[in-house]
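Please open the model in your viewer and keep the selection tool at hand, as each stop below names what to select and then says what is there.

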Amino acid sequence: MSATPGRVLHRGLRVGGLPHLVALAVEDGALAWGGPDAESAAWADGADEVVMMPGVLVTPGFVDAHVHLEMTGHAMRGLDLAGSRSRVEALQRLAAHVSRVDDLVVHGHGWDDSDWHDGSLTGADLDRAAEGRAVYLARVDAHSAVVSAALVTRVPALRGLDGWQGDGRIERDAHHLVRGYLETVPDLGDRKASIATALRAAAAAGIVSVHEQAAPHIVPLDDLASIRALSAERVLPHVVTYWGEAGAFEAAREHGVTGLAGDLNVDGSLGSHTAALHAPYDDDPTTSGHLYLDADAVCAHVVACTRGGLQAGFHVIGDRGSEALVAGLRQARDILGTDSLRSARHRVEHLEMPSGAHLELLAQLGVTASVQPAFDAAWGGDDGMYAARVGRDRARRMNPFAAMAAIGVPMAFGSDAPVTPFAPWSAISAATQPRSGGRGLSVPAALHAHTVGGWHAARIDGAGTLDVGAPAHLAFWEVPPEADPLEAALAGEARCVRTVVAGRVAYDAITSSRLDG
């Protein structure tokens, strides 16, 4: 990996609503100076690089607090079914992809049948479109999938497992078994290439750090070693790793994970009808979802992690899942005390249907809500998937980001890539303008959650700002010259042109004509 340049001066920048242009000096991986561009001459003397960036918006680099790197890279390199408007279109994409590849198992990701009008995918559909090939197509939420008959023959035990639907649809234990088989198909080099692809894409989106939410039902532990190797080989976004397995303290020590957290599932997802609800689903009254961990299991994990110096964390979507989480945290508080839990900075992923009482306890215990505003943008609103699944009344109370902020729950924003793409400005826009019509966050609060909040969620303080002395984690954005830079970014008119991680350039689209001296 290249050494950090001694001093780099970025000139001609715009910062938020400041009326004048500014300059930033980066030295030895940290912000050494910032001020009016007219006063930057002293810092240009002796600089290793001076970069003229007239009118470019500079922000702290973003933190994506929930990603799945190998899955994201694999989706980018494979069959992307996101945006398929019908079952027929998804199958047409599959057939075209199959004609171009000779993969042992054909992978696809991203289909979302919540607004399709011609039914959903079945195994028989895949058999016809892929001409008998082994196929695995993950739903957009990655909590269910559809598989072809040829793949079923390779994992025959799934027919007797919970979550086998009999028509090629799989979820829960059946899905986990297939995922375990799929981990054995690509070699380590191919998985490492997918991780690198995802990290490069994150850097190109102005993201300087990601939180990898690994778990046994998602990826092998070897992926964590590949992440460390890639970080040593090249300049990439900083990666915080989590392993979602209760009791896996030996694995935590071996791989240096920050916590046994992330996708340790209390419940499932709304899209797959597996999120745990108090009342049945509106569009399928035969089920209220599935609770995988109860309050006692939550308590035991939180207590063990707190005593072991690790973060605990859980995947929680539904209101019954949220109740189990909070009940377990109360039990852990009674055992260890509030101060011990607060100092551990535990976290919860998604948390889409909490009550006000739930939020009050999370605030009291300092538990970070790692949330995904893009979910509301994709599936919120009175005509969205959430309303179809749980009804308009329950859907309108989902993802209460403003209430979280008001009560004092720490927040961090993420994408859950590949569920939604790396697009931090879209997440900020979604958080400030919720589709439910309720109160959104202010832009400064949303920016804080996607920068400082992400570092805080990983128990890293002093990062995510443009303050002198802070680590130089920066993102630079081209915006229309006459526009308010923040308004342009929120409107989707900002293009990342450079991403800097601890003073090193991880992504660069700066033309050579901008280099001065």
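**Stop one: the sheet**

Select Leu9 and then look across to S4, where the bridge partner of Leu9 is Val50. The model you are viewing is predicted, so that local features need pLDDT of at least 70 and side-chain atom pairs count only at pLDDT 80 or more, whereas totals for chains, interfaces and linings use all residues. Residues are numbered from 1 along each chain as its sequence is written, and side-chain values use heavy atoms, with hydrogens and water left out.

**Stop two: H7 and H8**

Now select helix H7 (residues 188–204) together with helix H8 (residues 222–233), which pack at an angle of about 60 degrees with their axes 10 Å apart. Here axes are lines fitted to C-alpha atoms, for helices over the stretch in contact, and angles run from 0 to 180 degrees between N-to-C directions. H7 and H8 are therefore oblique to each other, the class left after angles under 35 degrees (roughly parallel), over 145 (roughly antiparallel) and 65 to 115 (roughly perpendicular). To see the contact (heavy atoms within 4.5 Å), display residues including Leu188, Ile195 and Ala196 of H7 and Ile227, Ala229 and Leu230 of H8.

**Stop three: H10 and H11**

Move on to helix H10 (residues 295–308) and helix H11 (residues 319–336), whose axes come within 7 Å and cross at roughly 45 degrees. H10 and H11 are therefore oblique to each other. Among the residues that meet are Val298, Val302 and Val303 in H10, and Leu325, Gly328 and Ala332 in H11.

**Stop four: Thr368**

Finally, select Thr368, whose place is in strand S17 (residues 368–371). Is Thr368 buried or exposed? At 1% relative accessibility, Thr368 counts as buried (under 20% relative accessible area, with a 1.4 Å probe and protein chains only). Leaving aside neighbours within four places in sequence, the residues in contact with Thr368 include His346, Arg347, Pro410, Met411 and His456.

Terms used
Helix = DSSP H or I, 4+ residues; strand = E, 2+ residues; numbered from the N terminus. Pairing = 2+ DSSP bridges. Buried < 20%, exposed > 50% of the residue type's maximum accessible area, 1.4 Å probe, protein only.
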